[in-house]
Amino acid sequence: MSIVFYIVAALAVGGALAAVLLKNTVHCALALTIAFAGIALLFLQLDAQFAGFAQILVYIGAVAILVVFAILLTRGSETPKDGVYGRKWPLGLVIAAAVFSDLAWAVLQSARVLPHEAISAPTVTVLQIGNALIGRYVLPLEIIALLLTAALIGAVIVAMHEKEAGK
Amino acid sequence: MIDKPIVDQLDQVFILLERWIVSFLPAGWQAVASVVLNVVAIIAVFPALFAIAVLLERKGLGRMQNRLGPNRVGPFGLFQPIADGLKSLTKEDIVPISADPVVHFLAPVFLVVVVFMGYAVLPMGRNMTLVKMDAGLLFYFAMGASTELSVFMAGWSSRNKYSLLGAMRAVAQMISYEVPLLMSSVAVVMITGSLSLEKIVAAQNQYSYGLPHWYIFTPWGFAGFALFAVAATAETNRSPFDLPEGESELVAGYFTEYSGFKFAEFFLGEYVGMLSISGLGATLFLGGWSAPLAILGWVPSWIWFFGKVMLSICVFIWLRGTLPRLRQDQLMNFAWKFVLPLTLLNLMVAAMWRFLGEGWERWVICSAVLLIAYVAMGRIGMRHGHIGTRKYRYAE
Amino acid sequence: MLGEGILKGLAETARNFVGSYVSKERMTTVQYPEERIAPIEATRDFPFLVYDGGDWQAGMRCVACQICEKECPPKCIYIEKSKDKKPDALGKPQFYPAKFDIDISVCMSCQICVEVCPFEAIKMDTEFELSTTDRFGGLLLDRHQLAKSNQHYHHIHPTEAAEVDARLAGEKAKTNAKAKAAADAAAAKSAAPDTKAVAPPAKVVAPVVKPESQEA
C-alpha cells in the first residue's frame, strides 16, 4: 500500500467517475481511457508486465478507439439537451451497491485465506504465459480465435451489405 | 576505470559519464538521479536528431527535385531548424471558438509524451537501454498504439469537418498497418525466443566468417524487414502513405486548426516517431548496436545504432521524394490484401527456417517460398491494372 | 514484377540527387539576387519615353497626340498637352506633353501603346525590380522618370532600335529631300524673273531625288 498505489488508484477511480459524470460523450470516452491507463499502471505495479502492456495495447490502443468511433458514427457527440442522469437513478445506485458488496466480499474472503505477511508476487515471465496458453489453456485460446474470426467476418459482411443493397 | 582498453571505454563512455556525475550525490539519491539523467539525455538527443532530420529532409528533397534546399540561414542553411523553431514559438496560437479547449490542448501533448515513451526500451548501445524490460517489445507497441488516440483527439476537438475526416482516415490507416507491423516483429520474437530487445540484439551480435547474424540477411528476415518498413512508413504517416496530412488533399488533415507551438509539437511527434520506429527496425532486423563486420567491432556501439537510424531516415526521405501518394482505398487494400497475408506467410517461413535445421536447404526452400508468394500475390494484385471505365459504388 | 517501378523510380531520384552536385543540368537553380538570368531581347515590362540626343526635354519624341492614352486598356496613361510648341526632331514645331504619367501598378504590359504610337516615342523597358515602399506615389512614374535616352533603347532592344532608327532616318531624309526640293523650287521661282537659264536645273534635280526617297 505505497504512495504510488494510492496515486494510481486515485487516477483509475477518478477516470471512471469522470466517465460516468461528464456531459460530453467523447469526454467520457477519453476519461474511460484514463481509467484504463490507471488499471494498466496497477498491473505494472504488481510486476505483471505482460498484463499491463497488453492492457495498454488492447484497451487504449483498440477498445478506446472503437468506443470513440462508435460515438462519432452514431452522432452521440452532441451534448444531450436534457440532463445526463436517467430518471431511475436510485435503482441504479442499489444495483451498483449490490455488485460492489459482492466484489468486496470476494476480495476480503481471499485476504482472509492468504497469510497476512507480504508475499512477493511470483514473477511471471512471458515465457510462462506462452507455455500456459499453448499447453494448458489451448482450448480457450482456439475458441477465442474462432470468436475473433467470426467477429471479423461479421464486420466485413455488415460493411459489405450496403453494396448488396445498393445494386 | 583506467585499466580497461580505450575502445571499451569509448563504447561505454555515456555510462561511465553518468556514473561519474551521479557519484557526486548522496547514496539515497543516486538511483533517482541516474534515471533522471538518462531521461534528460534522451530528451536532449532526440530532438537534436529531429532538427538534423528536418534539415536533411529539406536539403535532400531539394536535391532530388533538381533544386537547392534552404541555403540562406547559416552556411549551407545549417541553422534553418533554429529559424523554424523560433518561428513556431513566436506564432500566434489560434484556437477556434467552437473547438474543445481541453482536448485541443492535450492532443499534441499526449502525442509527444507517448512517442518519447517508446525510447525507454530501445537499446542504443551496449548496456545503454533506459529500462531493461522482459516484455520490452510489447511496451513499445503499446505506446505506438496510443498515438492513434492522440490523432483522433486532435481531429475531433477542432470541430472542423476536414479535420475529423482526416483524423478518421489517419486512424483507419494506422490501425490497418498496426497488424502487419506487429506480425513482422513476431517472426523475430519467434526465432529469438524472447520479447526483450536486449536479447534480440544479443542474438544478432554473433559473427560467422566475419559476417554478422543480422536477421535481415535471412530470407524471412529480409521479407520481414521489407514488410516492417512498409508498415512503419504507414504508421508514421509518411509518404507515400501521407494522405491524412497531404496538403493538397485535406488542407492539413487532422492538424488543420493547429498553429504555432502546437503544430511544432505535432511535427516533432511525427519525426521523433519516425526516429523511434527506425530505431526499432534497426534493433529487430539490422542488429541494433552490432557492427556490420567482426573486424569493425572497435567502433563504439552507439555510433552503429545512430548510424543505422540516420540511414533509415535517409531512406524515408528518399521514398518521400520518389513515390506519389496512395489513395485511401488503395492504401487499405494494400494493407489487408497484400501486406497482411505476406506477413502471415512470413511467420510460417520463419517457423520452417527454425525447424529445417542448419544447412543450405533451408535457405533455398525459404527463399523460394517467399519469392513465389510475392510474385503470385503481385500478379493477382495487378490483374485489374488496365484502366477501364470506373465503377462507382455509391453514385447512381 | 511488383515493385519494379518503385525501384526504377528510386534509381532515378538517386541519379538526380547525385547529379545535382556534379552536373549543371540537374541543378537548374539560379540564386537570385546574387545571380541573374539575362533577359531575352523581346522582354517587356513597362513603357518608357524615348528621347534623342542629350537633353531629355528638347529631344523627346512624344508630341502629346494622346493616341496611346485613348488606346490603353486599363487607362493607366495620363497626358496633358502643353500650351506652346517646340521644334521636334524633323524641325516642325509640335506640341509636347506637359504631363505624362503612367501608373505602373495598373499597367498590364500589353504593348498596345507602343504599337499605336506613330512617332516611335514610347517603347517597352526591361526593368522589373521596381518595388517601392511608397504606397501612394511610388509606382506613378512622371515624365522625367519615364524619359530614357535612345542609347538606352539601343542597349536593351538592339535590333528593334536599329530598325526604328533606320526608319526615322529614312523619313527624315525624305522630309529633307522634299524640303530641299521645295526650297529649290522656291529659289528657282524667285530667281526665274531674272534668268531663264536657272529654271531647267530645278527640273533636273527633282527626278533624281525621288528614287532615293523611295529606296529609303
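**Surface patch, chain B.** I looked for nonpolar surface in this predicted model. I found a patch of about 590 Å². Val13(B), Phe14(B), Leu17(B), Trp20(B), Ile21(B) and Phe24(B) make it. I then placed one of these residues in the fold. Trp20(B) belongs to helix 2 of chain B, which covers residues 13–22.

**Asn16(C).** Next I turned to chain C. Asn16(C) sits in helix 1, residues 4–22 of that chain. Is Asn16(C) buried or exposed? Its relative accessibility is 11%. Buried means under 20%, so Asn16(C) counts as buried. I listed its contacts, skipping neighbours within four places in sequence. From chain B they are Arg63(B), Met64(B) and Asn66(B). From chain C there is Arg26(C). I checked Met64(B) further. Its backbone oxygen lies 2.9 Å from a polar atom of the Asn16(C) side chain.

**Chain A against chain B.** I moved on to this interface. The two chains bury about 2,200 Å² between them. Carbon and sulfur atoms carry 79% of that area. Phe53(A), Leu57(A) and Leu72(A) supply 26% of what chain A buries against chain B. The contact takes 25 residues from chain A and 27 residues from chain B.

I also looked for polar links across the interface of chain A and chain B. The rule finds zero salt bridges there. It does find three residue pairs in polar contact, both residues at pLDDT 80 or more.

Which helices of chain A supply at least two residues each to the side that touches chain B? I noted helix 2 (25–45), helix 3 (49–73) and helix 6 (138–166). Helix 3 of chain A gives the largest share, 13 residues.

Notes
Residues are numbered from 1 along each chain as its sequence is written. Chains are lettered from A and ligands numbered from 1 in the order in which they are written. This is a predicted model: local features need pLDDT of at least 70, side-chain atom pairs count only at pLDDT 80 or more; totals for chains, interfaces and linings use all residues. Side-chain values use heavy atoms; hydrogens and water are left out. Patches are made of residues with over 30% relative accessible area and no salt bridge: like charges are joined within 9 Å, nonpolar side chains (Val, Leu, Ile, Met, Phe, Trp, Tyr) within 5 Å. Accessible areas come from the Shrake-Rupley method with a 1.4 Å probe; for residues, only the protein chains shown count as cover. A salt bridge is a side-chain nitrogen of Lys or Arg within 4 Å of a carboxyl oxygen of Asp or Glu. Helices (H or I, at least four residues) and strands (E, at least two) are DSSP runs, numbered from the N terminus. Buried means under 20% relative accessible area, exposed over 50%, partly exposed in between (1.4 Å probe, protein chains only). A polar contact is a pair of N or O atoms within 3.5 Å; within protein, one must be able to donate a hydrogen and the other to accept it, and residues adjacent in sequence count only if both atoms are side-chain atoms. Contact means heavy atoms within 4.5 Å. Buried area is the accessible area (1.4 Å probe) that two parts lose on being put together, summed over both.
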